[in-house]
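Student: I am new to this structure. Please pick a single part and take me through it closely, together with whatever packs against it.

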Amino acid sequence: MQKKKRILLKVGSNTLTKETNNISRGKIEDIANQIAKLKDSCEFVIVSSGAIAVAKQFVKLESKHEEVFVKQALASIGQPHLIRIYQEIFREYGLLTSQCLLSYSDFEKQESKTNIVNTINVLVSNNYIPIINENDTVATDEIKFGDNDKLAALTASLLEVNLLVIATNTDGIYTKESIKNNAPKTIETVSNFEDLRKEVVNSKSSLGTGGMESKIEAVAVAKKANIETWIVNGLKDNFITNAFENKIPFTKIK
């Protein structure tokens with residue numbers, strides 16, 4: 001039997017909400033549909049944001065505490081709902097899901113790293129798709145800084161995946177010049193990473209805490225582990241399968 005290609009798919013809040021204030025069941029269906037089509041040749045691990053966005057649909061928390069603590073509380077409320085939505089929709093496509101919550105300290109201890117790898121390998125070999133998010137109730141790094149970009153890259157490196165796909169709200173990374181001219185042009189293939197850094201214009205996404213700079217940091221982590229990264233427009237339908245078939249513009253970093 002030919003070994004399946006292992007793909008880590010990172011989906012941010014902007015993709016999951018389709019840039020609205022609500023989680024889009026249609027977008028999660030789109031992801032499930034693509035994974036179902038690719039399941040004979042690829043195995044998927046998903047790093048998904050969206051817990052805070054889901055919670056905001058249900059509750060408005062009153063608190064005198066700092067905003068970051070309110071966000072942690074919202075993440076705690078939203079996470080079970082987020083996983084339930086994934087579970088319901090993926091099941092319709094014959095896909096099984098599981099939840100893994102990680103924090104940065106897990107990547108600092110050898111024992112934790114071994115446990116993560118062993119657990120995820122067992123899940124994947126039994127056809128479960130691990131859906132990973134930061135354990136927001138104990139850690140605040142991604143809430144503050146990166147919308148799970150760095151978490152995705154660290155996980156990809158740890159699992160030695162074949163490909164890291166970062167879904168975002170642009171057609172990959174645009175050249176700085178083309179953004180200035182209001183005619184965004186995608187950088188399709190990157191061989192010199194330092195040149196890419198110079199092209200990146202720092203912009204935060206509306207719902208996420210990331211932006212292109214955090215994606216570049218994630219790419220740097222993946223590159224160190226010799227993992228190819230694709231930055232793809234997750235707002236488009238069939239963005240994974242279309243990227244595989246080169247039907248859409250996206251950035252490929254080797």
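Tutor: What follows describes the sheet, then the helices beside it, the core and a few single residues. This is a predicted model, in which local features need pLDDT of at least 70 and side-chain atom pairs count only at pLDDT 80 or more, while totals for chains, interfaces and linings use all residues. Residues are numbered from 1 along each chain as its sequence is written, and side-chain values use heavy atoms, with hydrogens and water left out.

The sheet is open and has 8 strands in the order S3-S4-S2-S1-S5-S7-S8-S6, with mixed pairing. Strands (E, at least two residues) and helices (H or I, at least four) are DSSP runs numbered from the N terminus, and two strands pair if DSSP finds at least two bridges between them. At the edges are strand S3 (96-102) and strand S6 (189-190), each of which pairs on one side only.

Strand S1 (residues 5-11) and strand S2 (residues 42-48) run parallel, joined by 7 bridges. One partner pair here is Arg6 with Glu43 of S2. S3 and S4 are also paired in the parallel sense, over 7 bridges, and Cys100 has Ile132 in S4 as its bridge partner. Between S3 and S4 the chain passes through helix H5 (residues 110-125), making a right-handed β-α-β crossover. Right-handed here means that, with the strands pointing away from the viewer, the path from the first strand over the helix to the second runs clockwise.

Helix H2 (residues 25-38) lies across S1, S2 and strand S4 (128-134), at about 155° to S2. H4 lies across S1, S2, S3 and S4, at about 155° to S3. These angles, on a scale from 0 to 180 degrees, are between N-to-C directions of axes fitted to C-alpha atoms, for helices over the stretch in contact.

The largest nonpolar core has 40 residues, and Leu9, Ile46, Tyr86 and Phe90 touch the most other members. Helix H4 (residues 67-92) supplies the largest share of this core, 9 residues. Such a core is a set of buried Ala, Val, Leu, Ile, Met, Phe, Trp, Tyr and Cys residues joined through side-chain atoms within 4.5 Å. Buried means under 20% relative accessible area, exposed over 50%, and partly exposed in between (1.4 Å probe, protein chains only). In soluble globular proteins, nonpolar side chains tend to be buried together.

Leaving out residues up to four places away in sequence, Ile46 touches Leu9, Val11, Ile35, Tyr86, Phe90, Ile129, Pro130, Ile131 and Ile132; contact means heavy atoms within 4.5 Å. A separate core has 36 residues, including Leu102, Val200, Ile216 and Ala222.

Ile85 is in helix H4 and counts as buried because its relative accessibility is 8%. Beyond its neighbours within four places in sequence, Ile85 is in contact with Ile23, Arg25 and Ile28.

Lys215 lies in helix H10 (residues 212-224). At 4% relative accessibility, Lys215 is also buried. Its contacts, again not counting residues up to four places away in sequence, are Lys10, Asp149, Ile166, Thr168 and Ile231. In an unreviewed entry, UniProt places the feature "binding site" at positions including Lys10 and Lys215; UniProt positions follow the numbering used here, feature names are shortened, and annotations may be inferred rather than shown by experiment.
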